[in-house]
Amino acid sequence: MAAVMDQSILPGDTDLRAIAQKIYNDQRITDEDTLLLFEKGSLGFVGSLANFVREKLHGDITYFNRNFHIEPTNACIYTCNFCSYSRLYAHRDEAWELGLEQMMDIVKKYDGEPVTEVHIVGGVHPKMNLEFFAELLRKIKVHRPDLHIKGFTAVELDYMFRKAKKTVAEGMQYLKDAGLESLPGGGAEIFAEAVRQQICPDKVDADGWLKIHETAHQLGMHTNATMLYGHIESFADRVDHMRRLRELQDHTKGFNTFIPLKFRNKDNDMSHVPESTLVEDMRLYAIARIYLDNFPHLKAYWPMLGRQNAQLSLSFGVNDLDGTIDDTTKIYSMAGAEEQTPSMSTEDLVVLIKQAKRQPVERGTLYNVIKDYGQSENVKM
Ligand code: V47
Ligand code: SF4
């Protein structure tokens with residue numbers, strides 16, 4: 001469906017009207033405009049604008065990807081206060097670490113299955129080093145060359161490279177040569193240093209995170225970016241975070257997808273911090289879609305947000321759902337993720353997208369079309 005400008009949604013507020021006009025005229029909005037949207041924009045207003053942008057870029061198309069996860073370890077040397085996952089110090093008895101053969105067994109479980117991607121992500125284990133992971137990548141590529149390997153957050157990479165005494169460029173090239181093809185978006189959290197000091201004081205900082213993604217882009221790899229929101233950050237911190245991403249993307253054009261991650265407060269050191277409301281979640285998706293005009297895709301991670309809320313997000317700028325994964329990562333279920341059911345079948349996901357009157361398309365990691373399920377017809381609501 002072609003995107004149509006809806007004049008009737010223009011508000012009385014002159015500042016908000018001016019922002020809407022910019023979006024309809026295909027002009028970039030400023031950081032000040034974005035702060036104003038966070039402060040004053042109703043859900044209906046920002047939602048209409050985000051939907052206009054979404055339909056201009058993608059029509060009704062809503063992507064999903066068939067992947068599986070490997071989590072090498074849940075032990076981590078870092079102490080992020082929002083993390084319900086790391087088991088290095090507390091709950092040491094629940095820690096696990098997988099060897100190369102155990103991880104290859106996970107890969108082999110999917111032999112003959114139509115998965116296109118493996119997503120490798122876990123804690124930062126002091127004994128798992130660059131060479132260990134390079135060997136894993138090589139083994140996966142020998143066993144299944146067609147599988148796209150998306151792996152390692154900038155936090156894991158920063159530690160691996162420093163320990164191996166390699167520059168970011170050397171380390172990244174080394175992993176690329178071993179089979180790494182793209183990077184997930186984790187570890188970004190909130191870039192503002194004052195917030196970072198309170199929620200994740202000891203891991204790679206904003207500049208380090210951005211440098212790793214910039215280097216990957218320079219080597220021709222694509223990456224994602226996340227933002228952990230809905231805890232102690234201010235609206236200005238959110239704008240600052242997205243500004244740094246938009247600036248880097250202007251230079252490199254290497255980001256595929258922006259993934260806002262809703263802070264969940266179960267079983268971590270920030271359990272006293274209330275979670276964001278659904279209205280705030282949808283406003284954030286919408287404002288991100290409007291501001292990040294150089295990011296092709298906006299993704300909702302349904303295990304964290306909940307299936308119904310992820311379905312709703314398809315009307316607030318989101319054009320990608322993650323995903324038909326059948327092993328919901330434990331990092332989320334431990335933090336109080338909405339979905340305890342570990343997986344959704346492709347059919348469930350297709351119905352969910354069609355119920356939202358969108359067009360499901362299965363994609364590969366780089367958004368190549370694998371199967372188009374067509375326009376939504378009548379599906380049971
Ligand atoms: O960086 C940790 C987040 C991230 C909590 O790139 C939490 O395709 C909410 O980045 N509440 C790792 N979030 C996972 C990640 C990811 C997930 C899915 C797809 C992709 C992709 C990337 O998980 C961490 C952190 O921001 N996280 N604890 C929590 N309590
Ligand atoms: Fe480690 Fe990641 Fe948890 Fe931080 S969020 S403690 S880096 S596993």
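Predicted model: local features only at pLDDT ≥ 70, side-chain atom pairs only at ≥ 80, totals over all residues.

Q: OK, and how do the side chains of Arg283 and Glu280 meet?
A: They meet in a salt bridge, with N to O at 2.9 Å.

Q: Is Arg283 buried or exposed there? And what about Glu280?
A: Arg283 has a relative accessibility of 7%, and because buried means under 20%, it counts as buried. Glu280 also falls under that cut-off, at 14%, so Glu280 counts as buried too.

Q: Switching topic, which residue does Lys150 form a salt bridge with?
A: Its partner is Glu117, and the closest N and O atoms of the two are 3.3 Å apart. Lys150 lies in strand E4 (residues 148-151) while Glu117 lies in strand E3 (residues 117-120), so this pair ties together parts that are 33 residues apart in sequence. Both Lys150 and Glu117 are buried.

Q: What about Arg243 and Asp31, how do those side chains meet?
A: Those two also meet in a salt bridge, at 3.8 Å from N to O. The pair links distant parts of the chain, since Arg243 is in helix H10 (residues 235-252) and Asp31 is in helix H2 (residues 31-40), 212 residues apart. Arg243 is partly exposed, with a relative accessible area of 24%, and Asp31 counts as partly exposed at 23%.

Q: Which residues are linked in a network of salt bridges?
A: That network links Asp31, Asp240, Arg243, Arg244 and Glu247.

Q: And how many salt bridges does the count come to?
A: The count comes to 27 salt bridges.

Key: Residues numbered from 1 in each chain as written. Chains lettered and ligands numbered in written order. Heavy atoms only, no water. Salt bridge = Lys/Arg side-chain N within 4 Å of Asp/Glu carboxyl O. Helix = DSSP H or I, 4+ residues; strand = E, 2+ residues; numbered from the N terminus. Buried < 20%, exposed > 50% of the residue type's maximum accessible area, 1.4 Å probe, protein only.
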